[in-house]
Amino acid sequence: MSHHGLRFLVDVGVGVAVETYLNQAGYDTKAVRALDPRMPDADIIGLARAEARMVVTMDKDFGELVYRSRQAHSGVLLLRLDDATGPEKAAAVALILERYARQIDGCYCVYRQGRLRVRPYRLRD
């Protein structure tokens, strides 16, 4: 049983280091890579929402889905760390969760250049 309230669905591009970190840190985590590496973004968001998981992604298209298509979600963490190594990404996620875990639940969050932007954005059904 996880001791953290946040649950995650890690997108394929994010990489194994982040998945490993989240699992070791005790978060309930699933990896798109292990479910279906070719899962469409809309399905990823749908699955995450059904299981109350936050999507961790490096794919800017999720912003489009959430804002333009107004697809309901349980939170998105967009990592703008295009040239980062796996360990660097894991360290960034660790830092985000250490500092902001209580603020990010259900929000659309963008992390870049050491700063996290949190948009509290919940869609009602």
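Guide: Two strands pair if DSSP finds at least two bridges between them. Strands (E, at least two residues) and helices (H or I, at least four) are DSSP runs, numbered from the N terminus. Six strands here form an open sheet, in the order S2-S1-S3-S4-S5-S6, with mixed pairing.

Visitor: What kind of model is this?

Guide: This is a predicted model: local features need pLDDT of at least 70, side-chain atom pairs count only at pLDDT 80 or more, and totals for chains, interfaces and linings use all residues. Residues are numbered from 1 along each chain as its sequence is written, and side-chain values use heavy atoms, with hydrogens and water left out.

Visitor: What makes S2 and S6 edge strands?

Guide: Strand S2 (28-31) and strand S6 (115-119) each pair on one side only.

Visitor: How do you know that S1 and S2 pair?

Guide: The definition asks for at least two bridges. Strand S1 (residues 7-10) and S2 have four, in the parallel sense. They count as paired, therefore. Arg7 stands opposite Asp28 in S2.

Visitor: Why are Phe8 and Tyr27 called an edge-to-face pair?

Guide: Rings of Phe, Tyr and Trp (its six-membered ring) pair if their centres lie within 6.5 Å; planes under 30 degrees apart count as stacked, over 60 as edge-to-face and the rest as tilted. Phe8 and Tyr27 are 5.4 Å apart, centre to centre, with 75 degrees between the planes. The structure holds one aromatic pair.

Visitor: What does the pair tie together?

Guide: Phe8 lies in strand S1, and Tyr27 in the loop between helix H1 (16-24) and S2, so the pair ties together parts that are 19 residues apart in sequence.

Visitor: Are Phe8 and Tyr27 buried or exposed?

Guide: Buried means under 20% relative accessible area, exposed over 50%, partly exposed in between (1.4 Å probe, protein chains only). Phe8 has 1% and Tyr27 has 8%, so Phe8 and Tyr27 are buried.

Visitor: What makes both faces of strand S4 covered?

Guide: In S4 (residues 76-79), Val76 and Leu78 on one side and Leu77 and Leu79 on the other are all buried.

Visitor: How do you know that S4 pairs with S5?

Guide: Four bridges join S4 to strand S5 (residues 108-112), and the two run parallel. The bridge partner of Leu79 in S5 is Tyr111.
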